[in-house]
Amino acid sequence: MGADRVFAYGAAAGLLGDLLLGDPRRGHPVAVFGRAAGAVERVLWRDHRGWGALHTAVCAGGAAALGAAAARAVRTSPVASAALTGAATWAVVGGTSLAREARTIGRALEAGDVAAARARLPHLCGRDPQALDVDGIARAVVESVAENTSDAVVGALVWGAVAGVPGLAGFRAVNTLDAMVGHKSPRYRRFGWASARLDDLAGWPGARLTAVLAAVAGPDPRGALRAWRADADRHPSPNAGPVEASFAGALGVRMGGTLSYGGRVEHRPVLNGAGRAVRVGDIERAVRLSRRVSWLALGTCAAVRLLCNRSDRDRSDRDRSDRGTLSNLSDGRTKGRRS
């Protein structure tokens, strides 16, 4: 079993495991990494970009190195390699938890329990729930589902296809570090700069793939592409912009506008301004679209990995054939001179 099939089988098993089991209640590997990164931060923190870059290198590099060591330990067994890929995929993706939190808030809103929805919203995003009405909470949930489809699922699959288990572990580490220190608070404005920039770079391919697949899988492909093209660059995040714009166009809703984070108000541009306001029922539509995008991403990444490996094998076969031909020609010339 080649590396392409190891990834395909392992990632499919991991995504299915996430669908059936969700995240563990205790001892989640991402939570363990977060505690370790916090311990490293307490040692290294300085109000300086260089120290922040060192923190990022130690934490993200350490996670990728552990993934590489684990992959190397089982490299002689395709079955063990696929199992390790499945376990790593299950550990780093978070599609089921994302859907569960979104639906919990949606059910609270449908029941008219706005207080419960506000209490639950911080589990999904960092906005100030007290500043939001029913439609504002619904919009926050839909936007979070869109962005986290890329961050919590598609981006990890992309890097898993590129670099296997080290790619899965490294991407989740970078994304977690950005959530921990990548925001522009006084403490992290400089220290978290490297984590935020690295997260932008690591998330770039996954965000574009998510936007494409949202257009393919959504009910309005043309609307998704139109909103992506018109509005994505207006978003302050280079990766959230394409994803949220594509989801907004696909679902026919309007995202963006005024947001509140911990008392700080942000006035963001509207995405897909021709759409209608987000309603509570759109939460379930966004979750279903997220599911479709996640499985399409798995198929896309596995197919690309398979095609790349097949191309590499064909190139190697041609190289061996060419070397054999040259060797035969050389032997023929040598025999001719000797005769």
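**A walk through the model**

Guide: With a relative accessibility of 9%, Asn239 counts as buried, a term that means under 20% relative accessible area with a 1.4 Å probe and protein chains only, where over 50% would be exposed and values in between partly exposed. This is a predicted model, in which local features need pLDDT of at least 70 and side-chain atom pairs count only at pLDDT 80 or more, while totals for chains, interfaces and linings use all residues. Residues are numbered from 1 along each chain as its sequence is written, and side-chain values use heavy atoms, with hydrogens and water left out.

Visitor: Where does Asn239 lie, and which residues is Asn239 in contact with, apart from its neighbours within four places in sequence?

Guide: Helices here are DSSP runs of H or I with at least four residues, and strands are runs of E with at least two, numbered from the N terminus. Asn239 sits in the loop that runs between helix H9 (221-231) and helix H10 (240-251). Taking contact as heavy atoms within 4.5 Å, and setting aside neighbours within four places in sequence, the partners of Asn239 are Asp199, Asp200, Gly203, Trp204, Ala207 and Arg208.

Visitor: How are H3 and H7 oriented to each other?

Guide: Axes are lines fitted to C-alpha atoms, for helices over the stretch in contact, and angles run from 0 to 180 degrees between N-to-C directions. Helix H3 (residues 49-73) packs on H7 at about 155°, with the axes 8 Å apart. Angles under 35 degrees count as roughly parallel, over 145 as roughly antiparallel, 65 to 115 as roughly perpendicular and the rest as oblique. H3 and H7 are therefore roughly antiparallel.

Visitor: And how are H2 and H7 oriented to each other?

Guide: Helix H2 (residues 29-44) meets helix H7 (residues 134-181) at an angle of about 55°, and their axes are 10 Å apart. The relation of H2 to H7 is therefore oblique.

Visitor: Which residues of H2 make the contact with H7?

Guide: On the H7 side, the contact is made by Arg172, Ala173, Thr176, Leu177, Met180 and Val181. On the H2 side, the residues are Val30, Phe33, Gly34, Ala37, Gly38 and Glu41.

Visitor: How many helices and strands are there in the protein?

Guide: Along the sequence the pattern reads α-α-α-α-α-α-α-α-α-α-β-β-β-α, and buried residues make up 47% of the 339 residues. The count is eleven helices and three strands.
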